[in-house]
Amino acid sequence: MKNRLTRRQLLQLTGAGLAAAALPRSLLAESTALLAKPIPGSDEKLPVIGMGTWRTFNVGNDPQLLDARTRVMQAFFRQGGGLVDCSPMYGSAADTIGYALKRLGIPESLLSAEKVWSPAGGSTREQVAELAGRWGVQGFDLMQIHNLTDWREHLAALREMKAAGEIRHIGITTSHGRRHWEFEQIMASEDIDFAQLTYNITHREAEDRLLPLAREKGIAVIANRPYDGGSLIKGLKRSGEKVPEWATEECGCRTWADFLLKFIVSHPAISCAIPATTRVEHMNENMRAGRAPLPSTSTRQRMARFIESL
Amino acid sequence: MSDWASYHLQDFIPFTADIYFRLLERMGEAFWPLHLLMLALGATALFLALKNRTRLACLLLVPPWTFVAVAFFMQRYAELNWAGGYIGWAFLAQAALLLSIAFVHRGPAQLPRYTSPPVMAGIAIALFGLAGLPLLAPLGGHSWYGAEVFGIHPDPTAIATLGAVLIALRGPARWLAAIIPALWLLLSGLTHTALR
């Protein structure tokens, strides 16, 4: 094997070196590993980008779309994804997840998150068992009470299941900023592990009370609607607005997905965000946003001000 | 702010645009060449309506409404949206209504005048439902299987029926037969708005 460099190779190396020297320091420091945050009260770590399934995974029994969603999940797990969130309210989404997991196998990194909902009527265990059958899993890592429906009854049943080792974590959910007062009461008074709520750069109501309370009580927080149902990122992309250079330099934001997701997961109380997508390339964009560096507190404030100014 | 005020139209549509358009396409794949028979039924119903053969025209509209109720809504759309089953029943109710009209209605005493505004509007609407709407998907870059066709998909079925009803029926029967098609078109319009 010849070790001598040709003139062309030498020029290429010199060019690459010069290009690297010109790159912002933050980009050079960018890691390829997905960041993870500790789940309070446990030794586990949760990757900061999870996967939502509302609307996107409700594909019925269409083989073409079932395979397409399997590829989306494959991309998610390949890049270290963990939490997959679903609900019986999401139509056939649980079946789609089950279809994908059957083909991909159940990755070690999977943190399966489902929900029970009204009417409880003593049906909590049946709901969990039915969902486990649809996913094709033995049990769930996280079982949440969807939108606080029948929460007292569900919570009592879920505690028994947790004590029996049938589920590992218990959570409550809300979205769109609904019922925050009641949500806060439950977080303050009940022993729960996870709280799922809406938090994104244009909906930051949770910063006032819920997120500080989560830190105080050691509750992991899942941020739903990170793109405000898709309208936020679509609006930014359609507007033709470019990601500001300072955001690229300070925290490696190259895409609007980076900008919006890094803002969310850099909040110290947020454990992970759960964007939903139908496309592998968007999943790849989402997962890239979970890599270091994350914005500092002052950069986060600048990011929020920038979006408000548009 | 009440909880209801925080809901958006999009929150009531539990699927994305690609899933809905793929559903339309699956209907095309599954039932081609039934489209030709359904289009022939629709065109004949329009012709009979113009010839004052109201009862027969209404009778020919019954199979398309029944087929869309079962094959589209109950067997497929209901997988994506819990409301699909109920909408299927509404389409079956429309089929039953058209069947009732076919048996009991006497129809206008005179031939429809082509120059009267309701009849002119009816012809234009029915032709759009039968011949215009199927072209939209291919012109928009979708496959021919995605073309929405009378008797296979709900929108052209409702549109062509509205046109035929405007031509063939008068008085309360016209309004009664227009309710379900108009409601579905409203719902479909909201769905498409939410999917943008």
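# A quick tour of a two-chain model

Chain A folds into 13 helices and nine strands. Keep in mind that this is a predicted model. Of the 310 residues in chain A, 46% count as buried. If you take the contacts in chain A between residues at least 6 apart in sequence, 78% of them link residues at least 24 apart.

**Where the chains meet**

- At the meeting point, 17 residues of chain A are in contact with 14 residues of chain B.
- On chain A's side, those residues split into three nonpolar, 11 polar and three charged.

**The nonpolar core**

- The largest nonpolar core holds 139 residues, and the ones with the most contacts inside it are Val221(A), Leu260(A), Ala273(A) and Ala164(B).
- Helix 3 of chain B, residues 54–80, gives this core its largest share, with 12 residues.
- Let's look at Leu260(A): setting aside residues up to four places away in sequence, Leu260(A) touches Asn200(A), Ile201(A), Pro226(A), Tyr227(A), Leu232(A) and Ile233(A).

- Strand 8 of chain A covers residues 220–224, and five of its five residues are buried.
- Which residues point which way from strand 8 of chain A? Ala220(A), Ile222(A) and Asn224(A) point one way, while Val221(A) and Ala223(A) point the other way.
- On both sides of strand 8 of chain A, the residues are buried.
- Strand 7 of chain A (residues 194–198) pairs with strand 8 of chain A in the parallel sense, over five bridges. One pair to find in the picture is Gln196(A) with its bridge partner Ile222(A).
- Strand 9 of chain A also pairs with strand 8 of chain A in the parallel sense, over three bridges. Here Ala223(A) sits opposite Ala273(A), and Ala273(A) is also one of the core residues named above.

**Ala269(A), a loop residue**

- You'll find Ala269(A) in the loop between helix 11 (256–265) and strand 9 (270–273) of chain A.
- Is Ala269(A) buried or exposed? Ala269(A) counts as buried because 21 C-beta neighbours lie inside 10 Å, and the cut-off for buried is 20 or more.
- Beyond its neighbours within four places in sequence, Ala269(A) is in contact with Leu211(A), Ala214(A), Arg215(A) and Val221(A).
- Take Arg215(A) from that list: Ala269(A) and Arg215(A) are 54 residues apart along the chain, yet their C-alpha atoms are separated by 5.6 Å.

**Helix 3 of chain A**

- Helix 3 of chain A has 16 residues, 63–78, and at 1.5 Å a residue the helix should span 22 Å.
- After helix 3 of chain A comes Gly80(A), with a positive phi near 90°.

- Ala292(A) and Pro293(A) are joined by a cis peptide bond, with omega about 5°. Pro293(A) belongs to the loop between helix 12 and helix 13 (297–309) of chain A.
- Trp32(B) and Pro33(B) are also joined by a cis peptide bond, with omega about 15°. Pro33(B) is in the loop between helix 1 and helix 2 (34–50) of chain B.
- Arg55(A) isn't a glycine, but its phi is positive, about 75°. Arg55(A) is in the loop between strand 2 (45–47) and helix 3 of chain A, and counts as buried because Arg55(A) has 24 C-beta neighbours inside 10 Å.
- Asp150(A) isn't a glycine either, and its phi is positive at about 45°. Asp150(A) lies in the loop between strand 5 (140–145) and helix 6 (151–163) of chain A. With 18 other C-beta atoms within 10 Å, Asp150(A) is partly exposed.

How values were computed:
Residues are numbered from 1 along each chain as its sequence is written. Chains are lettered from A and ligands numbered from 1 in the order in which they are written. This is a predicted model: local features need pLDDT of at least 70, side-chain atom pairs count only at pLDDT 80 or more; totals for chains, interfaces and linings use all residues. Two residues are in contact if their C-beta atoms, placed from the backbone, lie within 7 Å. Ala, Val, Leu, Ile, Met, Phe, Trp, Tyr, Cys and Pro count as nonpolar, Asp, Glu, Lys and Arg as charged, and the others, Gly among them, as polar. Helices (H or I, at least four residues) and strands (E, at least two) are DSSP runs, numbered from the N terminus. A residue is buried if 20 or more other C-beta atoms lie within 10 Å of its own, exposed if 12 or fewer, and partly exposed in between; C-beta atoms are placed from the backbone. A nonpolar core is a set of buried Ala, Val, Leu, Ile, Met, Phe, Trp, Tyr and Cys residues joined through C-beta atoms within 7 Å. Two strands pair if DSSP finds at least two bridges between them. The expected span of a helix is 1.5 Å times one less than its number of residues.
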